[in-house]
Amino acid sequence: MGPVELLHMSVFSQSFSPCGRFLAAGNNYGEIAVFSLSAALSPDASQASQKPILNFTAHDGPVFSLLSTDTHLLSAGNGEISAWSWAELIKKSTKAAWTRKPSYETSLEIPEINAMIINPKDNSLIVGGGDNNIHIMDMETGIFKSVLKGHTDYIHCLCFKEREEEILSGGEDGAVRIWGHTEILLSHFQTCSGMASQECARPQFGKWISCLATDSDWMLCGGGPSLSLWHLRSMSPTSVFPLPGCQREAVFYQDLIMSVGEGPHVSHCLHGGTVKAQIPCTPSSLNTLALNLKNTEHRVMTVGGSSHQIDVFTNFSYRAFSLSF
Amino acid sequence: MSSDAVKKRKPKVIRNEAGTPETKRGRAEGEQDVLVYNEEVELEGRDPQQDYMLYKDTCAALAKLMAEIQELKSGGAKVGSVEMEERRRQCSVHFITLKKLNRLAHMRLKKGRDQTHEAKQRVDVLHLQLQNLLYEVMHLQKEISKCLEFKSQHEEIELVSEEEFFQEAPAEISRPHVTRDDHHQLTLARLDWELEQRKRLAEQYKMSLARKEKIHKAIEQKREYLSSLQPGLQNIMQASLPVQECLSMPFEQMQKQAEVARHLPPPLYVLLVQAAAYGQACGKTHIFTLNKTLSASISGDVDEAKALSRPPEDSQDDESDSDAEEEQQNTKRRRASVGVQLDDKRKEMLRRHPLSLCVDLKCKDGSVLHLFFYYLMNLNILTVKTKVSTTTDLSGAVSAGELLNSESLLNCLYASDHGQETPNPTNRYQFDKVGITTFADYVSDLGHPYVWVQKLGGLQFSSDGAQVALSASHMERTMKLLQGRLQARLALHKQFSSLEHSIIPISGECQHLFPAKVVSGLTRWTMMSYQEFTELGFVQHVLKAGLLRETDLFFMAVVERGTARLLAAVVVNPRYPEVMPLFSLSLHWKGERSGRTEDNLRAMESEVNMFRAELQGPRPGLQLLTNQIQRLCVCLDVYLETESQVCDGSEGPKEFPREKMCLRTARGPSRLKPFKYNHPQGFFSHR
C-alpha cells in the first residue's frame with residue numbers, strides 16, 4: 001500500500017468479533033483488515049498495535065458490508081458473500097470458509113451487496129444490494145431460498161425487527177419497505193411512503209434512504225431526507241434531527257441516537273430531536289459506525305469513512321486514537 | 001800563588017805561635033827550606049780524645065784558679081799581689097791552651113768537612129756518569145723500539161700471494177733460488193713484480209679511455225641524426241590528420257586525450273574511462289560513424305593540472321625564496337582582515353581541479369544533454385552541471401520554464417537525491433573549520449554533488465544501506481536514467497506548450513482510453529510555486545500525507561464546462577514519469593466542493609491518480625500527464641451530467657443533458673458515479 005493508495009482509501013464496513021476483542025474492517029480496495037482491540041486498548045499500546053494484525057484481499061470490489069455471526073465473519077464483495085472463520089482469522093489464515101453468490105438477472109454489471117443482516121430465529125442471511133432485490137439465504141444449507149422484489153432502485157440498508165420478524169429495507173428510490181411474513185415463503189409488505197412528508201424531505205440532496213435502524217416501535221431513517229425518528233405503528237415522524245449532511249448509519253444506544261454521515265463528526269442526538277453533541281473525527285466523511293457491546297472490557301465505538309484511519313472512541317464523547325490500515 | 005799562600009800562612013803561623021811556649025822558630029824570610037810549622041801535620045798526630053781530656057783538665061784548672069783568686073780577693077788581698085799575678089799568669093796560660101785547643105778543634109772540623117766534601121764530590125761525579133749512561137741506555141732502547149716498530153710503506157701495498165707470485169712472475173724478478181730463503185729478497189721481488197704489473201695495467205687503462213671517447217663521439221653523431229628526423233615526422237602527422245578525419249579513426253585525438261587524461265584526478269579518470277567504454281560498447285550504430293550516443297571529452301587547463309602534480313621540492317624552493325620576498329613586502333602591507341582570510345580559506349577549500357570532463361548524451365530525437373563534471377579537490381567530491389541543447393527551438397511554454405532549468409533538471413534522478421548537500425561526511429568537519437554552514441549556497445557555482453555522480457566516479461561514501469556500487473555497475477543505469485529524464489522533460493515541454501493553448505495532446509495510441517466526445521475542456525494551465533501551492537485549502541491532505549516536497553513541480557489546471565469550474569492542483573515529481581503526478585480537485589459549481597467534502601470528487605481524484613497502467617500509454621509512459629488531464633475532463637463530464645438534482649430547489653431544464661451512457665448512476669453506500677470508461681462498448685461503469 002503506497003501513500004497514494006492510502007490517500008484514496010475509504011472504509012465502508014466494520015464488524016466486531018464474537019468475543020469482542022477484534023475488529024474487522026473492509027475498504028474500497030476489497031481488503032479486510034483485522035485489528036486487535038485488546039492490543040490497541042492495552043496500557044502499553046504502541047504505534048504498531050494500531051496497525052492490523054491481518055490484512056488481506058477478500059474480494060474484487062469494495063467490501064460494503066461485514067457481519068459477524070457467532071463463529072464466522074461474513075463479508076460482501078462484488079455480488080458475492082464470503083464467510084471467514086473468526087478462529088482462523090485470529091490465527092492469520094485467510095482461507096474463506098465458503099463463498100456464495102445470489103442469482104442475478106443482469107450480467108452486464110455485477111451488482112454490489114450493500115447490506116446484510118441475520119435472522120436469528122430461522123438462521124437465515126438477508127442481503128440487499130445493487131439489483132434492487134432482497135435475497136434470503138439459509139445459513140445451514142447455503143441455498144438462496146427467496147427473493148423479495150419490490151424496490152425500484154438499489155437497496156442501501158436493511159434492518160430487522162426481532163419481535164415481529166419483519167425486515168425493513170431502505171433504498172435509492174426513497175422508499176422504506178417493511179417485509180413481514182406470517183408464512184415462510186410468502187411475503188407481505190407494507191410500504192411506508194411517508195418520505196414525501198415535508199418535515200424530513202430535503203430535495204436538494206435527494207430522496208434516497210441510506211440508513212435505517214429500529215428499536216422495537218421506533219425507526220430511524222435518513223439519507224437524502226433528514227434523519228428522522230418514526231413511530232412505526234402510526235407511521236409518522238415524531239422528530240426530525242437538524243443534521244446538515246446526509247446520514248449513512250445511525251444506531252440506537254441507550255437513550256441516545258448516534259449517527260454518522262457526511263461531515264467529519266459523530267452526532268449524538270436525543271430522542272426529542274435535539275442534537276446533543278457532534279464529536280469530531282479524522283475522516284472527512286463517515287460511512288460506518290460500530291459499537292462493541294458484546295465485550296464489557298473493550299466497550300468502544302469505532303467509526304470509519306473517507307480515510308484509511310478508523311477512529312476509536314473509548315469514551316463516546318471524544319476520539320481516543322485511530323487504527324490505520 | 002801557592003807559594004804566596006804558603007808565605008802568607010807562614011807569618012800567620014808564626015804570629016799565632018808566638019804565644020805558645022813550645023814553638024821555636026827561626027825567622028828566615030825568603031829562605032826556601034825554612035822550617036815551616038805546619039799545624040795541620042801536628043793535628044794529624046794528636047788524638048782527639050786526648051785533646052778533649054786536656055780541654056777538660058784545662059777548664060778544671062782554670063776553674064780552680066779562678067776559685068783561688070776569688071778566695072784571695074775575698075780574703076782581702078790586694079789587686080796585683082803576687083799570688084794573684086801568678087794565678088793570673090797561669091790563667092792566661094790556660095786560656096792560651098784553650099785557644100789552641102779551640103783552634104785545633106776547628107781545624108779538625110774543617111778537615112773533616114773537607115774530606116767529606118771530597119768524597120761527596122767523587123760520589124757525585126760517579127752518580128752523574130751513571131745517570132748519563134742510564135739515559136743513553138734508555139735512548140738507545142727507544143731507538144731500537146722505534147726501529148722495530150717502523151712500518152714501511154711497502155707493507156701497505158697489497159701484494160699478490162706468494163704462490164701466485166711464484167707462479168706468475170718471470171724468473172728474473174722472482175729469483176726463487178734467492179727469495180725462497182731470504183724473506184727480505186722475497187719482499188723486494190714481490191714489490192718489483194707489483195710495480196711491473198701496475199705499469200702494464202696503466203697502459204691498458206689509457207687505451208680503454210681513448211676507445212670510450214671515440215664511441216661517445218659516434219653516439220653523439222647518431223643522436224643528432226635522429227633529432228633531425230623529428231620535425232619530418234611531425235609534418236607527416238600533420239598531413240595525416242585530414243586522412244584520419246576522413247576515415248574517422250581519430251588516433252591523434254585519442255592519443256592527445258589519453259595524454260591529457262593522465263593528469264586527471266582519479267575520480268574523473270574513472271568516470272572518463274567508464275563513460276568512454278560505455279559509449280564504445282553501447283552507443284554507436286556503426287563502428288565508422290562518429291555519431292555516438294555518448295561521447296566524453298576533457299576540457300580545462302592542462303598546465304595548471306601539471307602544476308598541481310609537480311613534486312614538492314621545487315615548490316618548496318620557490319616558497320622559501322618567495323617567503324623572503326614576501327616578508328619584506330608584508331611589513332609594508334597591512335595584514336588582510338579575518339573575514340578576507342576566512343574567505344580565502346573557503347575559496348581554497350572549494351577549489352576545483354583545473355580539468356573537467358564533458359559528457360554529451362544524445363537522444364534519439366537529436367537533442368543533447370551536456371554534462372560537465374568537476375572534481376573538488378579538497379572536498380573529494382564530484383559535481384555536475386548540465387545544459388540541454390535541442391534540435392528544435394523550444395519556446396512558448398511559459399509553464400515549462402522550470403522543466404529544463406539546469407539547476408533542477410537532474411533533481412531526484414534516483415529517489416531523494418537532491419544534490420543540495422555534499423554526500424561526503426568528512427566534509428562536515430572541513431566546513432566547520434572555515435565556517436561554511438551549507439553546501440547548498442555554493443551549488444549554483446560549483447555544480448550539484450548528486451550521489452550518482454559520486455558513484456560514477458567510483459567514490460563511495462559509507463551512508464545508509466549497504467552499497468556495493470561501482471562506477472561500472474552504475475554507468476549503464478545512470479545513463480539510461482539521464483536519457484529518460486531528458487526525454488521526459490522534453491516531452492513535457494512540448495505538452496505544456498499545447499496545454500497552455502488549451503489543447504490536450506492525446507496520441508493515437510491512447511484514444512481508446514476516452515470516449516469520442518469530451519465536452520469539458522482545459523481552459524488554463526499555469527505553474528505555481530511551492531509557497532502558493534501549500535496555501536491552497538484543498539491540498540492540505542496531500543501535505544499531511546507527506547507527498548509534497550519542495551523539489552516537486554506544481555501546476556494548476558482549470559477545466560470548465562458551462563458554469564462549472566474544476567480547479568485541479570497538480571504535483572509533479574521530478575522523477576516523472578516514474579512517479580505519477582498527483583491531482584487534488586476543487587469544484588466551483590453551485591457552491592464549492594472539494595475532494596474532502598464530496599465523495600464523488602474524491603472518487604474522481606482516485607480515478608485520475610491511481611490507474612497508472614492504463615494511463616501511462618505506450619512504453620516510456622510520457623503521455624501520463626496528458627492522459628490524466630483528459631481523464632479528468634471525462635470524469636467532470638460524467639459528474640455534471642449525472643448530477644440530476646438542481647441544488648437551489650428550482651425545477652427546470654438541466655444544464656448538462658445526459659449524453660454519456662451509464663448503466664447505473666449511483667452505486668454503493670456513498671452513491672458513487674460511474675467514472676470508469678469501457679472501451680469499445682463506450683459506456684461508463686463503476687470500479
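**Figure 1. Arginine side chains of chain B over aromatic rings of chain A.** In this predicted model, the charged end of B:R671 is placed over the ring of A:W208, at 3.4 Å from the ring centre. A second contact of this kind is made by B:R664, whose charged end sits over the ring of A:Y154 and lies 4.7 Å from the centre of that ring.

**Figure 2. The largest pocket and its lining.** The largest pocket holds about 1700 Å³ of space, and 50 residues line it, with A:L66, A:L67, A:M116, A:I117 and A:E249 lying nearest its centre. Two or more lining residues are given by each of the strands β1 (11-16), β5 (65-68), β6 (72-76), β9 (113-119), β13 (155-161), β17 (209-215), β21 (247-253) and β25 (286-291) of chain A. Sorted by class, the lining comprises 29 nonpolar, 16 polar and 5 charged residues.

**Figure 3. The aromatic pair A:F12 and A:F64.** Across all chains of the structure, 12 aromatic pairs are found, and one of them joins A:F12 to A:F64 in an edge-to-face arrangement, with 4.9 Å from centre to centre and 75 degrees between the planes. Because A:F12 belongs to strand β1 of chain A while A:F64 belongs to the loop between β4 (54-57) and β5 of chain A, the pair ties together parts that are 52 residues apart in sequence. A:F12 has a relative accessibility of 7% and therefore counts as buried, the limit being under 20%; A:F64, at 7% relative accessibility, likewise counts as buried.

**Figure 4. An aromatic cluster in chain B.** The residues B:F496, B:W525 and B:F555 together form one aromatic cluster.

Figure 5. B:Q540 is located in helix α19 of chain B, which covers residues 540-544, and is partly exposed, with a relative accessible area of 31%. Although B:Q540 and B:S584 are separated by 44 residues in sequence, their C-alpha atoms are 9.4 Å apart in space.

Terms used
Residues are numbered from 1 along each chain as its sequence is written. Chains are lettered from A and ligands numbered from 1 in the order in which they are written. This is a predicted model: local features need pLDDT of at least 70, side-chain atom pairs count only at pLDDT 80 or more; totals for chains, interfaces and linings use all residues. Side-chain values use heavy atoms; hydrogens and water are left out. On a 1 Å grid over the protein atoms alone, a cavity is a set of points where a 1.4 Å probe fits but cannot get out, and a pocket is an open set with protein on both sides within 12 Å along at least five of seven lines; lining residues have an atom within 4 Å of a point. Grid points are joined across faces, edges and corners, and a volume is the space filled by probe spheres set on the points. Helices (H or I, at least four residues) and strands (E, at least two) are DSSP runs, numbered from the N terminus. Ala, Val, Leu, Ile, Met, Phe, Trp, Tyr, Cys and Pro count as nonpolar, Asp, Glu, Lys and Arg as charged, and the others, Gly among them, as polar. Rings of Phe, Tyr and Trp (its six-membered ring) pair if their centres lie within 6.5 Å; planes under 30 degrees apart count as stacked, over 60 as edge-to-face and the rest as tilted. Buried means under 20% relative accessible area, exposed over 50%, partly exposed in between (1.4 Å probe, protein chains only). A charge sits over a ring if NZ of Lys or CZ of Arg is within 6 Å of the ring centre and within 35 degrees of the ring normal.
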